[in-house]
Amino acid sequence: MADELVRMERINKYFGHVQALNDVTLSVRKNEIVGLLGDNGAGKSTLIKILSGALRPDSGEIYMHGAKVKMRSTTDAIARGIETIYQDSALVVQLSIARNLFLGREPVKGLRLFDWLDQKKMNAAARQLLKKVGITKDIPPTTPISALSGGERQAVAIARAMHFESELIILDEPTNNLGVEETQGVLRFVRSARDSGHSCIFIAHNIYHVFQVVDRIVIMRRGKKVADDIDPKQTTIEGVERIITGM
Amino acid sequence: MPQQLGTKRIQMRLTALLQRLISAPEFGPLILLVVEILVFTVRSPAFLSTSNISNLMAFTPELGMITLGMTLLMTAGEFDLSVGSVFGFAPIMMWTFYNTHAGPLEVGFLFAMGIAALIGFINGWMVTRLRIPSFLVTLGMQFVVRGTALYITDGFPQHTWTANSGLANLIVGQFSFGALRIYASLLWFIVFAVILGYVLTHSKAGNWIQAAGGNEYAARARGVRVTRTKILLFILTAVISAYAGVTSSIRVSAANPNSGTGYELEVIAMVVIGGTALTGGRGTIIGTIIGVLILRMMRNGIVLVGVPGLAYNIFIGAIILGMMALHSGLERRHRAGT
């Protein structure tokens, strides 16, 4: 397929004697939001950790733009444009919004010896980004993350993924522990991410949230992929629930 | 009307500035320092005399240098209990090297610094690679280093003959402003403080240091080299402690294998009083300098105002407890987002 962004092919993963993933193949196209569903222990998180470089598969391959790639670490995955946003979003709460956005890729100015952080540039970029992800409240970019709400933190994590031109944003339970208003915010960011040319994998327990934003639903059960091409517009929530539980 | 609006704006600006000042972690310690100076000055006219200030400024930079390194290390989420022993050990290495005619004093100095760097590297390597808590690693290292110093010297102080040494003058040469006697070590302390303060708050490295102590896993996931950052900070702390020890040995004309005993806890107390978080993620060089002055002036002033010297520790303990209570209260307010 020409517009295929990522393909994970025949991935197997064992934890001791337990087979967590059994020949799972998953592909994501450009500008596509894929909903990944499954009960606890179905293997969603394991699959995602392999894609984001946090775990290594026992067998199977990963392709990006049709070329085989190896994800040795999370840094590898980030360098290839795959950003993962976990439920306890991976932010340093003591640092400011701007410092978090640019963590690990800080802009510096002047002589290299001085290693001078370009805070003006960071703050300006952060201010613009916050607007882009829909934080309309006037929050200064120097605010520490610890002063933000759960939804605002997710917004910062998503803003970071969008700023660094990630091609694929993986959201692992991004709406857990969030209020109604904040959840709507996150769903809005996901839609806007697609509109600006990003692909997403969206993992959630809450099927209603998934139905609201995704283009395609993939379902896993006990380490296997059991459905791949469910169109949320033509399926009912009950139908999806039946496939998840296998009844 | 427009004039009224103007004054109102200035008022608002002032309130905003005041609020920022009050919410800064250094504000509490600063108030305490000012109160302390006022009380001591009122109770004892000798406190602000030039001779007392000269005395105060002789030893303070030596301990102060260690606190600078420790501030960065603690911001990165680790600490070092071996600083006091390195403080005693490094001058022993330098002077033994020199006194046994192994080479010139300058080479001995570099030799001592190199050994300190190695000690720091081993600390950092064991903490990051073997994942042993820094408390245990540096506690063990403290015994090894102190033990080596005692073994090499048979427990006797080393002779430090320094007449006409350019290096000794550079490190801790004496000069006077009127009646005020100043050592070069004070200038070096200021230079180190400016450099490390800049590194912590204005450099990319500083962002990495804070991130490493705040959320190590998040930092790693973003490509921050946490292991390298921490090892370098352990090396920095050991080398700056060694430098402080050498400074001290030249100033008092003796390298005692027991010197520096107990410094590690005093240093950590100074750093946390200043507002650096013991758990990492947040650190302030300015706060640390205030913390150093609070404890050193307390030790000095309490004797001048006639409190028995043995009661000194009661006051130190009370200050530490009081400041911890203040910082944890501020931290809770900070978390609540106000």
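1. Which residue in E2(B) does Gln174(B) stand opposite? In this predicted model, where local features need pLDDT of at least 70, side-chain atom pairs count only at pLDDT 80 or more, and totals for chains, interfaces and linings use all residues, the residue opposite Gln174(B) is Tyr183(B). Residues are numbered from 1 along each chain as its sequence is written, while chains are lettered from A and ligands numbered from 1 in the order in which they are written.

2. On confidence, pLDDT is the predictor's confidence in each residue, from 0 to 100. Chain A averages 84, with 96% of the residues scoring at least 70, and the mean for chain B is 89, with 96% of its residues at 70 or more. For the complex, the predictor gives an ipTM of 0.80 and a pTM of 0.85. Among the elements of chain A, the lowest mean pLDDT, 79, belongs to helix H6 (residues 180-195), and the highest, 92, to strand E4 (residues 59-64).

3. Chain A has eight helices and twelve strands, where helices (H or I, at least four residues) and strands (E, at least two) are DSSP runs numbered from the N terminus. The C-alpha trace of chain A spans about 60 × 40 × 35 Å along its principal axes. Its radius of gyration, 19 Å, agrees with the value near 18 Å that a compact globule of 247 residues would have; the radius is taken over C-alpha atoms, and the globule rule is 2.2 Å times the number of residues to the power 0.38. Of the 247 residues of chain A, 45% count as buried, a residue being buried if 20 or more other C-beta atoms lie within 10 Å of its own, exposed if 12 or fewer, and partly exposed in between, with C-beta atoms placed from the backbone.

4. Chain B comes to 14 helices and two strands. Its radius of gyration is 22 Å, close to the 20 Å that the globule rule gives for 338 residues, so chain B is as compact as a globular protein of that length. The C-alpha trace of chain B spans about 80 × 55 × 40 Å along its principal axes, and buried residues make up 46% of the chain. Among contacts in chain B (C-beta atoms, placed from the backbone, within 7 Å) between residues at least 6 apart in sequence, 77% join residues at least 24 apart.

5. The two strands of chain B, E1 (residues 174-177) and E2 (residues 180-183), pair in the antiparallel sense over four bridges; strands pair if DSSP finds at least two bridges between them. E1(B) and E2(B) form a hairpin with two residues between them, and Gly178(B) in the turn has a positive phi of about 60°.

6. The contact between the chains takes 19 residues from chain A and 21 residues from chain B. On the side of chain A that touches chain B, helix H2 (74-79) and strand E8 (116-117) each supply at least two residues, and the largest share, three residues, comes from H2(A). The residues of this side divide into eleven nonpolar, five polar and three charged, with Ala, Val, Leu, Ile, Met, Phe, Trp, Tyr, Cys and Pro counted as nonpolar, Asp, Glu, Lys and Arg as charged, and the others, Gly among them, as polar.

7. Leaving aside neighbours within four places in sequence, Val86(B) is in contact with residues including Ala116(B), Val145(B), Ala238(B) and Gly245(B).

8. In chain A, seven of the eight residues of helix H1 (residues 44-51) are buried, so this helix is largely enclosed by the rest of the structure. The buried residues include Lys44(A) and Lys49(A). Just after H1(A), Gly53(A) takes a positive phi of about 85°.

9. Two aspartates deserve a look. Asp115(A), in the loop between strand E7 (108-109) and E8 of chain A, has a positive phi of about 55° although it is not a glycine, and is partly exposed, with 18 other C-beta atoms within 10 Å. Asp154(B), in the loop between helix H6 (134-153) and helix H7 (166-172) of chain B, also has a positive phi of about 55°; with 7 C-beta neighbours inside 10 Å, Asp154(B) counts as exposed.

Note on methods. Contact = placed C-beta atoms within 7 Å.
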